[in-house]
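Q: Please take a close look at a single part of this model. What does it rest on, and which way does each side of it face?

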Amino acid sequence: MYLLTVKDGLVTRHVGPYSTPQQASDDLERVLSDCSERVRWQIHALESPFSRSFAERLQSRDQEFTVAAS
């Protein structure tokens, strides 16, 4: 997922989420139409949530550590 961050002076807006960076880029013109000429923008990739497979690997590592420490 991707998020479009637009900074216009002291105002920061977050628009999205988008499935692809291309979708965020395509929506950029619409978002910038309400902004001044000095606007700054950036497309950010959002980190995926804590995945089950990572949690399972972490748990198995902790079990191995517990067995080795005994």
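A: Two strands pair if DSSP finds at least two bridges between them. Strands (E, at least two residues) and helices (H or I, at least four) are DSSP runs, numbered from the N terminus. This is a predicted model, where local features need pLDDT of at least 70, side-chain atom pairs count only at pLDDT 80 or more, and totals for chains, interfaces and linings use all residues. Residues are numbered from 1 along each chain as its sequence is written, and side-chain values use heavy atoms, without hydrogens and water.

Start with the whole chain. Two helices and three strands make it up. Along the sequence they follow the pattern β-β-α-β-α. Of the 70 residues, 17% count as buried, that is, under 20% relative accessible area, with exposed meaning over 50% and partly exposed in between (1.4 Å probe, protein chains only).

Now the sheet. Its three strands run in the order β2-β1-β3, with antiparallel pairing, and the sheet is open. β2 and β3 stand at the edges with a single partner strand each, so one side of each has no neighbour in the sheet. β1 and β2 pair in the antiparallel sense over six bridges. Asp-8 has its bridge partner in β2: Val-11.

Helix α1 packs on this sheet and touches β1, β2 and β3. The direction of α1 makes about 140° with that of β2, using lines fitted to C-alpha atoms (for helices, over the stretch in contact) and angles from 0 to 180 degrees between N-to-C directions.

Take α1 itself. The helix spans residues 21–32, twelve in number. From first C-alpha to last, α1 reaches 16 Å, close to the 16 Å expected at 1.5 Å a residue, where the expected span is 1.5 Å times one less than the number of residues.

Which residues of α1 are buried? They are Ala-24, Asp-27, Leu-28 and Val-31. These four cover an arc of only 145° around the axis, which puts them on the same side of α1. The arc is taken from the directions from the helix axis to the C-beta atoms. On the other side of α1, Asp-26 and Glu-29 are exposed. The cover over the buried residues of α1 includes β1 (2–8), β2 (11–18) and β3 (40–45).

Finally, zoom in on Asp-27 in helix α1. Asp-27 is buried because its relative accessible area is 16%. Beyond its neighbours within four places in sequence, Asp-27 is in contact with Val-15 and Tyr-18; contact means heavy atoms within 4.5 Å. The side chains of Asp-27 and Tyr-18 are joined by a polar contact of 2.4 Å.  A polar contact is a pair of N or O atoms within 3.5 Å; within protein, one must be able to donate a hydrogen and the other to accept it, and residues adjacent in sequence count only if both atoms are side-chain atoms.
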